[in-house]
Amino acid sequence: MADLTTTFLGITSPNPFWLASAPPTDKEYNVRRAFEAGWGGVVWKTLGTEGPPVVNVNGPRYGAIHGADRRLLGLNNIELITDRPLEVNLEEMTRVKKDYPDRALIASVMVPCEEKAWKDILPRIAETGCDGFELNFGCPHGMAERGMGSAVGQVPEYIEMVARWCKEATDLPVIVKLTPNITNILYPAEAAKRGGADAVSLINTINSITSVNLDSMAPEPTIDGKGTHGGYCGPAVKPIALNMVAEIARNPATHGLPISGIGGITTWRDAAEYMVLGAGNVQVCTAAMTYGFKVVQEMISGLSQWMDEKGYTKTSDFIGSAVPNVTDWQYLNLNYVAKARISQDDCIKCGRCYAACEDTSHQAISMSADRVFEVKDDECVACNLCVNVCPVENCITMEQVPAGQMDERTGKPVPADYGNWTTHPNNPMATAAE
Amino acid sequence: MTTTPRENGIAAGRLAGPVLQENFCDLHAPLDAHEAKVAADRCYFCHDAPCMTACPTSIDIPLFIRQISTGTAEAAAKTIFTQNILGGMCARVCPTETLCEEACVRNTAEGQPVEIGQLQRYATDRMLDRAHPFARAEETGFSVAVVGAGPAGLSAAHRLAMLGHQVVVFDARPKAGGLNEYGIAAYKSTDGFAQKEVAWLLEIGGIEVRNGQKLGDQITLDGLREDFDAVFLGMGLAGVNALGLGEDKSGVMNAVDFIAGLRQASDLGSVPVGRRVVVIGGGMTAIDAGVQAKLLGAEEVTIAYRRGQQAMAASEFEQDLAKASGVRILCNVAPVGVTGNGSLTGVTLAYTDTQNGKLVVTDETFTLPADQLFSAIGQSLSGAPEAVTLEGGKIKVDENGHTSAKGVWAGGDCATGGDDLTVTAVAEGRDAAMNIHTVLMGGK
């Protein structure tokens with residue numbers, strides 16, 4: 001049986017599943033329940049400066065995007081950092097860490113962008129026995145308007161500066177949580193590294209309006225007739241986050257910088273995907289908010305089963321395994337040729353592949369009077385749309401055309417050698433092939 | 001109430017009022033908004049959808065289900081009514097298990113089709129108390145006579161009125177609706193739905209319904225041809241095939257009359273039924289009669305069918321419904337005699353066999369005790385006007401629904417083609433109306 005014990009920045013937790021800094025980790029009651037359910041660690045909901053805590057709206061805080069059967073695909077929120085006094089949070093963190101020494105407890109922190117503020121608070125929080133810090137440079141609403149959260153995360157110089165202050169103020173690991181509301185994730189990631197951060201965690205939530213109420217003519221969630229953009233999260237954001245994780249993992253300047261992956265992780269498979277793209281562990285929020293803390297049990301059993309099947313004995317066996325296979329478009333092998341294949345045994349004859357291909361792609365699927373759908377190899381460009389719209393998993397697959405065999409679309413045999421855009425004759429910038 | 005299910009003979013009130021009410025409530029409770037949403041989510045929005053092809057009225061099923069799932073059930077209803085103005089009744093009585101739902105690709109995928117019939121009901125129910133969704137075109141100046149206010153006649157009348165023609169519907173019965181009102185099982189059309197639907201349909205305007213007008217009695221085809229620019233015949237099959245057994249004994253009657261009486265009864269407790277009932281036949285009428293006899297409190301109900309179960313015209317779903325209601329279905333038996341002196345006491349059945357492709361009644365017989373016998377061995381056209389040619393006992397029509405008589409169209413059960421289903425009658429009425437319109441306007 002695979003060992004899920006994961007050490008991230010020297011912090012060991014029984015599994016790589018941490019709860020992200022968010023409503024589920026706002027207080028002792030929740031965190032105790034989370035640990036009892038099996039979560040490997042938590043990032044405590046962001047602590048702010050001492051004094052009167054922030055206040056939240058008293059109307060709805062969340063908006064949602066639903067899929068079929070009202071399955072929650074995306075959630076946004078306009079909640080701020082903890083609205084409970086600092087002292088209360090610190091007392092609770094101390095008690096919890098004492099009772100669960102084997103679990104990771106990270107303090108998320110957001111104070112004004114002043115050296116003293118950061119240097120004063122970190123040692124105080126460290127007294128709780130927490131295992132490390134996560135600097136919240138990501139929150140896209142409310143706090144950003146006060147010069148914190150993503151307002152810092154969007155300026156690489158600030159990230160570097162604050163990270164440096166924090167590293168000077170504590171010996172504990174410092175994680176910088178990145179906002180995705182930027183043009184290129186590498187700039188803030190590199191800045192974090194320059195500032196001495198031990199790791200980055202990403203993504204924080206994405207600026208969003210989930211829906212508009214067509215009666216009141218206001219965005220949801222609506223508070224007294226008005227709405228504002230909130231932070232988007234949940235399964236819908238996973239592709240965006242995965243790309244950002246992969247970019248950091250394969251960028252020479254940040255390669256090797258530990259990453260805590262966040263964004264729509266709902267199942268063990270999501271977690272495994274983040275980890276093979278370079279995340280040393282993962283943080284979860286929306287899945288817990290949707291289904292409760294028990295979801296971690298499926299994540300644990302699923303990851304464990306997959307590791308056993310693959311022969312991995314520890315998580316470090318596969319972390320980063322897919323990073324070498326993430327490349328730029330220009331290096332993709334243009335001599336690789338595939339064709340769609342429809343399994344007639346599995347086909348339920350819905351015709352969605354036909355509609356998609358005929359109306360919006362390459363007219364490469366034929367339909368007979370008795371609803372038999374077949375791929376026309378002389379038209380198929382292997383775009384994969386039919387695979388994606390087919391309701392039956394694995395009914396349509398992409399099959400490689402072996403080298404030497406005729407590609408009926410081009411009328412030419414499939415080349416055996418690798419060839420990409422950089423050397424392609426149609427590329428005016430092509431470098432001569434050696 | 002003194003009668004019990006065990007009382008011999010034919011008696012009313014075998015079950016208490018509340019039990020009857022429960023027995024005759026909606027066969028399928030309507031979907032609520034949440035159930036409809038969940039059911040609608042299962043539709044794959046197939047290309048050139050098989051369900052749509054399977055629907056005799058070609059309702060755009062994927063479109064109306066998508067409209068339900070996006071919160072516009074009224075638009076969904078209009079999609080349905082555009083093709084089938086009796087979409088509400090069809091949602092209740094269509095054998096969807098052999099039509100749209102049988103074709104649903106979800107059957108192949110996981111053996112469970114999208115609940116198309118129930119979703120259609122959900123959408124159409126929402127429209128019933130709203131303003132009629134269609135408006136009439138400008139008056140054409142033409143008038144059309146429609147004979148029969150059943151599904152075919154109503155469908156034709158509505159389409160003709162919508163196209164701007166003046167329509168008079170003649171029906172022999174006191175109420176409009178045809179089989180919707182007098183024929184189908186009560187638990188499929190509860191709360192007076194048939195009459196509500198007729199009233200809603202007539203809101204289009206331009207349609208006058210004259211009841212108590214039977215072709216051959218109060219009205220004649222010649223007269224109608226004289227007075228109207230076109231005639232549509234949709235009077236159904238008013239004749240009932242005779243069993244030729246025991247018609248002299250009390251307790252022997254045809255299933256059609258039993259069902260009609262039950263449908264028109266103001267109190268189900270007043271409908272008499274036997275303790276032991278035998279129904280002869282293998283179609284929907286046999287099932288409807290048998291199940292309703294059981295629901296009224298008959299202790300034993302047996303449906304006897306002369307061929308094998310595969311040959312039954314009643315769908316598998318209907319057969320299962322009968323069995324689940326406690327009705328016994330005996331196949332490969334044919335009635336050969338009745339017992340009783342004045343009142344029926346038993347039905348003698350003989351086993352049948354198929355020899356050289358022909359059904360043969362064997363000498364091996366047995367007698368079922370019975371105090372009531374319903375025959376449900378089919379209906380036939382009666383009183384067909386001489387001017388129209390018949391084929392196989394029905395009015396012969398061409399692909400446009402036109403009969404052999406100029407200016408006379410026909411559709412529904414009385415005409416050739418179709419499967420004697422409500423939904424095919426609706427389609428035929430609609431299509432004949434379109435052809436009538438083409439012919440009338442072409443001549444203008």
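How many cavities of 30 Å³ or more does the structure hold? The structure holds seven of them, where a cavity is a set of points on a 1 Å grid over the protein atoms alone at which a 1.4 Å probe fits but cannot get out. Before we look inside, note that this is a predicted model, in which local features need pLDDT of at least 70 and side-chain atom pairs count only at pLDDT 80 or more, while totals for chains, interfaces and linings use all residues. Residues are numbered from 1 along each chain as its sequence is written, chains are lettered from A in the order in which they are written, and side-chain values use heavy atoms, with hydrogens and water left out.

A lining residue has an atom within 4 Å of a point. The largest share of this lining, three residues, comes from α9(A), where helices (H or I, at least four residues) and strands (E, at least two) are DSSP runs numbered from the N terminus. By class, the lining has 19 nonpolar, 13 polar and four charged residues. Here Ala, Val, Leu, Ile, Met, Phe, Trp, Tyr, Cys and Pro count as nonpolar, Asp, Glu, Lys and Arg as charged, and the others, Gly among them, as polar.

Next comes a pocket, an open set with protein on both sides within 12 Å along at least five of seven lines. The second largest pocket has a volume of about 570 Å³. Of its 25 lining residues, A:L334, A:N335, A:Y336, A:V337 and A:P415 lie nearest its centre. Strands β17 (338–342) and β22 (412–413) of chain A each give at least two residues to that lining.

Finally, turn to where the chains meet. Chain B brings 12 residues to the contact and chain A brings 14, with contact meaning heavy atoms within 4.5 Å. About 980 Å² is buried between them, 62% of it from carbon and sulfur atoms; buried area is the accessible area (1.4 Å probe) that two parts lose on being put together, summed over both. On the chain B side, B:D41, B:Y44 and B:H47 lose the most area, together 55% of what that side buries.

Key. Grid points are joined across faces, edges and corners, and a volume is the space filled by probe spheres set on the points.
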